[in-house]
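Please keep the sequence and the three-dimensional view at hand while reading.

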Amino acid sequence: MKRLLLLTVMGVCVCALAAAQATDGPDAPKKGFAKFWAGFTEILFTPQVHKPFSVAGGIELTQNDRTSMLPEIFVMSDYELSRYFGFGLRGGLTFSSNKPEDQLVSVMEGSLYGRFYVYDFGWIRPFVQTGLGVSVNREQDYEVYDVLGEVSMGARAHWKGWFLEPSFRVGYPFRLAFGMAVGHSFLP
């Protein structure tokens, strides 16, 4: 009950502060918190300019043949046919950890994927994607080629041409992976 009361009081104080710093006319300059709040809401609800071509790089934790999660670095490039559909290429390299059982394990992945953006909030767009490709698993003294299939979900958050993209994916031959990419969108 105390937390609810504290949150209510804080909310009333923030609203009172914004109202106290607002000026009479619509063209008058805003000050302090009112200026910050107006800028924040403008950025939050204003749609970003659609730049269909994107490149990104990132890191994720991937569960390949072992029970532990191994780090993977990846690069990707995609093109959006519309605000809701796109396709792209992704390549990744899982490198080994310091554990003796994982020391000589490396996995290279390459896939072509299709992406559907579930909803366009303007600056953030959640997506579902599916991909098909090849996976090369290198162990101590052998190499295995396998078909790679994946389903992924995440969200792309834009900020003036740049974006941040957290994602979670499941598939074969890996089991699951989650990571973060940073990239840039531009016009071709």
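## Salt bridges and the strands they join

A search of the whole structure finds 14 salt bridges, a salt bridge being a side-chain nitrogen of Lys or Arg within 4 Å of a carboxyl oxygen of Asp or Glu. In general, side chains of opposite charge can pair when their charged atoms come close. The model is a predicted one, in which local features need pLDDT of at least 70 and side-chain atom pairs count only at pLDDT 80 or more, while totals for chains, interfaces and linings use all residues. Residues are numbered from 1 along each chain as its sequence is written, and side-chain values use heavy atoms, with hydrogens and water left out.

Three of these pairs are listed in the table.

| Glu60 | Arg90 | 3.0 Å |

The salt bridge between Arg90 and Glu60 ties together parts that are 30 residues apart in sequence, because Arg90 lies in strand E3 and Glu60 in strand E1 (residues 53-63). Helices (H or I, at least four residues) and strands (E, at least two) are DSSP runs, numbered from the N terminus. Both Arg90 and Glu60 are buried; buried means under 20% relative accessible area, exposed over 50%, and partly exposed in between, with a 1.4 Å probe and protein chains only.

Asp78 and Arg115 are both buried.

Arg83 counts as buried because its relative accessibility is 19%. Elsewhere, salt bridges that share partners join Glu60, Glu72, Arg90, Glu109, Glu150 and Arg169 into one network.

## The surroundings of Asp78

Is Asp78 buried or exposed? Asp78 counts as buried, because its relative accessibility is 4%. Its side chain makes a polar contact of 3.2 Å with the side chain of Tyr113, and another, of 2.8 Å, joins the side chains of Asp78 and Arg156. A polar contact is a pair of N or O atoms within 3.5 Å; within protein, one must be able to donate a hydrogen and the other to accept it, and residues adjacent in sequence count only if both atoms are side-chain atoms. Leaving aside residues up to four places away in sequence, Asp78 touches several residues, including Pro52, Phe53, Ser54, Phe87 and Gly88, where contact means heavy atoms within 4.5 Å.

## The barrel and the whole chain

The chain has two helices and eight strands, arranged along the sequence in the pattern α-α-β-β-β-β-β-β-β-β. A closed barrel of eight strands runs E1-E2-E3-E4-E5-E6-E7-E8, with antiparallel pairing; two strands pair if DSSP finds at least two bridges between them. Strand E2 (residues 70-80) and strand E3 (residues 85-94) pair in the antiparallel sense over nine bridges. Tyr79 has Phe87 in E3 as its bridge partner.

Of the 188 residues of the chain, 34% count as buried. Among contacts between residues at least 6 apart in sequence, 50% join residues at least 24 apart.
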